[in-house]
Amino acid sequence: MFHGRTVLAFTVVAMTSLLPYNLFMNAHEYFYYKLRNVTDMKGTEEDLYSAVTRGYWNRSRYGSEPTTELQRTYEGWFTVTSGVACILGSLLNTVATNKLSNGFRVLTGHAIVILSLMPTLFYTFIDTDEDQSHFFWLSMFFSSISSFGSMGLIGAGITGLAATFPESYSNPTSVVQMQMVMIGQAVAGICTSLLSIVCQAATANAILNGRIYFAIAFIWTVFSILCYFCLVRSSYAKEIIERADDHDRLLDNHEDDREEVDYADENDQAVISLTPMDSSPLFDGWGEIMEQIYPDIKA
């Protein structure tokens with residue numbers, strides 16, 4: 001049976017699991033403007049506004065001015081900090097799998113992403129030219145904790161939830177939840193790249209570009225939370241989760257029985273091992289095989 005809402009919810013939440021990483025990676029124009037060379041930019045506020053509106057706000061981005069150290073190291077530091085945060089989030093998710101519910105881990109990941117996007121969006125309204133290093137390292141911090149919550153908690157959580165659904169859910173007119181999780185994560189980078197292109201086409205102002213860019217990402221994350229609530233509260237998902245819980249309880253109740261059976265099997269194996277076994281050599285049939293290949297050998 002096809003459940004369109006379930007498929008859509010899995011896809012949206014899976015996209016959110018990789019949204020922050022691709023989001024910060026594709027915000028080139030905004031971060032290059034924030035980290036540009038401001039030591040030679042003297043003038044009145046009207047002159048600076050005119051430069052921004054005419055497209056001269058980011059000349060170092062296009063090679064007419066040398067890039068700054070912060071511009072050159074942004075992507076490298078971002079990759080390192082986000083990668084480490086993702087590893088820590090995955091380790092935490094692994095340790096807390098049996099202690100914290102899937103809903104708590106996924107919703108906590110969403111909350112972390114929202115808390116990281118809020119100050120990032122707030123910084124689009126603040127002039128950071130006086131302390132670019134401060135802005136640089138705060139951006140690294142926000143991007144890393146967003147990766148911690150998204151890839152470490154949301155990604156692992158939604159994958160684990162998809163794994164509880166039966167394989168029989170797939171039929172010629174539907175798709176498996178695990179496949180939709182993989183598809184959602186795959187298209188997350190494409191969607192953020194398209195969002196960056198659209199924002200750059202909509203305005204030449206780098207600040208307004210970043211403001212729209214991160215605002216849409218914030219709205220998407222809130223939408224992802226709503227999709228997850230719809231997913232876990234749907235009657236079909238509740239039925240599947242209850243089956244999984246009953247199965248786990250059944251396994252726990254029969255754990256002692258399995259241990260007794262294993263112990264009995266070990267004793268039986270010990271008795272059986274006392275009986276004589278066929279000890280024919282491994283290469284008994286080797287001569288016959290060689291005779292069939294080389295008939296002259298027999299002669």
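Arg36 counts as buried, with a relative accessibility of 5% (buried means under 20% relative accessible area, exposed over 50%, and partly exposed in between, with a 1.4 Å probe and protein chains only). The structure is a predicted model, in which local features need pLDDT of at least 70 and side-chain atom pairs count only at pLDDT 80 or more, while totals for chains, interfaces and linings use all residues. Residues are numbered from 1 along each chain as its sequence is written, and side-chain values use heavy atoms, with hydrogens and water left out.

The partner of Arg36 is Asp129: their side chains meet in a salt bridge at 2.9 Å, N to O (a side-chain nitrogen of Lys or Arg within 4 Å of a carboxyl oxygen of Asp or Glu). Arg36 sits in the loop between α2 (28-34) and α3 (45-53) and Asp129 in the loop between α5 (102-122) and α6 (132-163), so the pair ties together parts 93 residues apart in sequence. Asp129 is partly exposed, at 21% relative accessibility.

A search of the whole structure finds two salt bridges. The other pair to look at is Glu69 and Arg72, whose closest N and O atoms are 2.7 Å apart. Both residues belong to helix α4 (residues 69-95), where they are three residues, or about one turn, apart. An α-helix has 3.6 residues a turn, so residues three or four places apart point the same way. Glu69 is partly exposed, its relative accessible area being 48%.

Turning to the overall fold, the chain contains eleven helices and zero strands (DSSP runs numbered from the N terminus: H or I of at least four residues for helices, E of at least two for strands). Of its 299 residues, 38% count as buried. Among contacts with a separation of 6 or more, 85% join residues 24 or more positions apart (contact means heavy atoms within 4.5 Å).

Helix α8 (residues 206-233) has 28 residues and reaches 41 Å from first C-alpha to last, close to the 40 Å expected at 1.5 Å a residue (1.5 Å times one less than the number of residues). Asn205 caps its N-terminal end, with a side-chain oxygen 2.9 Å from the backbone nitrogen of Ile207.

The chain averages a pLDDT of 76, and 65% of the residues score at least 70 (pLDDT is the predictor's confidence in each residue, from 0 to 100). Over residues 42-49 pLDDT stays under 50, and the model has one contact beyond four places in sequence for them. Where pLDDT is low, the predicted coordinates should not be read in detail.

Terms used:
Polar contact = N/O pair within 3.5 Å; in protein donor to acceptor, adjacent residues only side chain to side chain.
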